[in-house]
Amino acid sequence: MIEYLDALETRTPQSREQALMQRLPLLIAQAQTAAGWATILKEVSANDINSRQALAQLPVTRKSDLKTLQQQQLPFGGLTTTPPRSLTRIFMSPGPIFDPEGKSPDWWRFARPMYAAGLRSGDLIQNCFSYHFTPAAFMVESAAARLGCTVIPAGIGQTEMQVQAIAELRPDAYIGTPSFLKIILEKAADSGTDISSIKKALVGAEALPPSLRQWLKDHGVPHVLQMYASADIGNIAYETMSDGVLNPGMVLDEEIILEIVRPGTGDPVAEGEVGEIVVTSFNPDYPLIRFATGDMSAILPGISPCGRTNQRIKGWMGRADQTTKVKGMFVHPSQIAEVVKRHPQVQKARLVVSGEMANDVMTLHCETPDHSDVLQASIIATLRDVTKLRGEVLFVAAGSLPNDGKVIDDTRRYE
């Protein structure tokens, strides 16, 4: 028998839509009390925004705009309705982009994907999201508190200690990136350590190709579900299972309105057509109105076999812009521009992200007359300083990089 976190997950689509549209004018009015939203939504009458058609007339605010907005008004660009010092935490993601966390329980709404993954009161979780500056680990922490789960705050890195903790504490589940779970399983196999207590995994922050899901299953973790979330919104959608079988698509969270729009516009596309994900989030501290994530997906018609009645998306289907994720961290074109700015010898550069998921390789191709080892080492250090990720540098001949405006080229395979 399938269990649900609450009755919201199984209400009729009609009653859900009606409830969301009734709440929408109140959300708009609340957002307009924040200086940033007051500017973005100027001359908008909140009472008139009571349908998807009306919502679609509002301007889109893009994730890629946040850095500029926040530089104009620190720390949140005037988009929060709660003063910064009345929050629980303030996070700083590469960019930098600042994200708030309010005081309400399960503020990020992570209990839904964790419950759908089979986590219950008394379960022990190895939390392998980063605790350093970014919010993912705390998304798990707040949901675990709501569900009554105990957390091992493992973070990332220190693979040998990760394996030792699993072997000795015997956690029931892993939460983190799929690539790091693969690394842990490989390390345990190399050392002959038994970490078979982990039968469930909830993964996110990077793509989970079918080949990697199968690899994880073949190496002892039969139930692997992924979630789709962001540092700005929290939980957006999550996978479910029925009788041990993965259900198609990802079920939307109950506290958002999701639109699929034509990339670069705010125009909704037809159901089933691939486009950019735009989210309106009912968050009292950080209301987001038509927030374009930069991620691509499509609406999957019908209701999930698990019985949850909310809309589904097909999952993550790439990026609408050149911003990409490497090892769970966003890399922005503006960061590559910053690297080039610090090294005047570089005439042009393009970041190429290659390899297969769980084995990302980041290489900065640079057109420069100076091919010295000293410059190469200096650029490598700058790349790591700016992106917080390790990368390689490859010098290429002047004029050899394509003249196509591309700063980041993601050539990874997801099959």
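These legends describe close-up views of a predicted model.

**View 1. The four-stranded sheet β1-β15-β14-β13.** The strands of this open sheet follow the order β1-β15-β14-β13, and their pairing is mixed. Its edge strands are β1 (61-62) and β13, each of which pairs on one side only. Helix α1 (residues 13-31) packs on the sheet and touches β13, β14 and β15, with its direction at about 90° to that of β13. Between β1 and β15 there are two bridges, and these strands run parallel. Thr61 has Phe291 as its bridge partner in β15.

**View 2. Strand β14 and its two neighbours.** Seven of the seven residues of β14 (residues 275-281) are buried, so this strand is largely enclosed by the rest of the structure. Strand β13 (residues 256-261) is joined to β14 by six bridges, in an antiparallel arrangement. With strand β15 (residues 288-297), β14 forms five bridges, also in the antiparallel sense. The link from β14 to β15 is a hairpin of six residues. Val279 of β14 stands opposite Leu258, and its bridge partner in β15 is Phe291.

View 3. Strand β4 (residues 124-127) and strand β6 (residues 173-176) run parallel and are joined by three bridges. Asn127 stands opposite Ile175 in β6.

**View 4. The buried side of helix α10.** Which residues of α10 (residues 333-341) are buried? They are Gln335, Ile336 and Val339. These residues cover an arc of only 100° around the axis, which puts them on the same side of α10. An α-helix has 3.6 residues a turn, so residues three or four places apart point the same way. The buried residues of α10 pack against β19 (329-331), β20 (348-356), β21 (359-367), α11 (373-387) and β23 (408-410).

View 5. The model has four aromatic pairs. In the pair of Tyr131 and Phe138, the ring centres are 5.4 Å apart and the planes are at 75°, so the pair is edge-to-face; the cut-off for this class is a plane angle over 60 degrees. Tyr131 is partly exposed, at 25% relative accessibility, whereas Phe138 is buried, with a relative accessible area of 15%. The cut-off for buried is under 20% relative accessible area. Ring pairs link Tyr131 and Phe138 with Phe91, Trp107 and Trp108 into a cluster.

**View 6. Arginine side chains over aromatic rings.** The charged end of Arg23 sits over the ring of Phe282, at 4.4 Å from the ring centre. Arg120 lies over the face of Tyr115, with a distance of 3.5 Å from the ring centre.

**View 7. Two cis peptide bonds.** The bond from Leu74 to Pro75 is cis, and its omega is near -5°. Pro75 is located in the loop between α4 (66-72) and β2 (89-93). Gly95 and Pro96 are also joined by a cis peptide bond, with omega of about -5°. Pro96 belongs to the loop between β2 and β3 (97-101).

View 8. Asp243 is not a glycine, yet its phi is positive, at about 55°. Where does Asp243 lie? Its place is in the loop between β10 (241-242) and β11 (245-246). Asp243 counts as exposed, at 80% relative accessibility. Arg290, another residue other than glycine, has a positive phi near 50°. Arg290 lies in strand β15. Is Arg290 buried or exposed? Arg290 is buried, with a relative accessible area of 1%.

Notes: Residues numbered from 1 in each chain as written. Predicted model: local features only at pLDDT ≥ 70, side-chain atom pairs only at ≥ 80, totals over all residues. Heavy atoms only, no water. Buried < 20%, exposed > 50% of the residue type's maximum accessible area, 1.4 Å probe, protein only. Arc of directions from axis to C-beta. Contact = heavy atoms within 4.5 Å. Pairing = 2+ DSSP bridges. Phe/Tyr/Trp six-rings, centres within 6.5 Å; stacked < 30°, edge-to-face > 60°. Lys NZ or Arg CZ within 6 Å of the ring centre and 35° of its normal. Axes fitted to C-alpha atoms, helices over the stretch in contact; angles between N-to-C directions.
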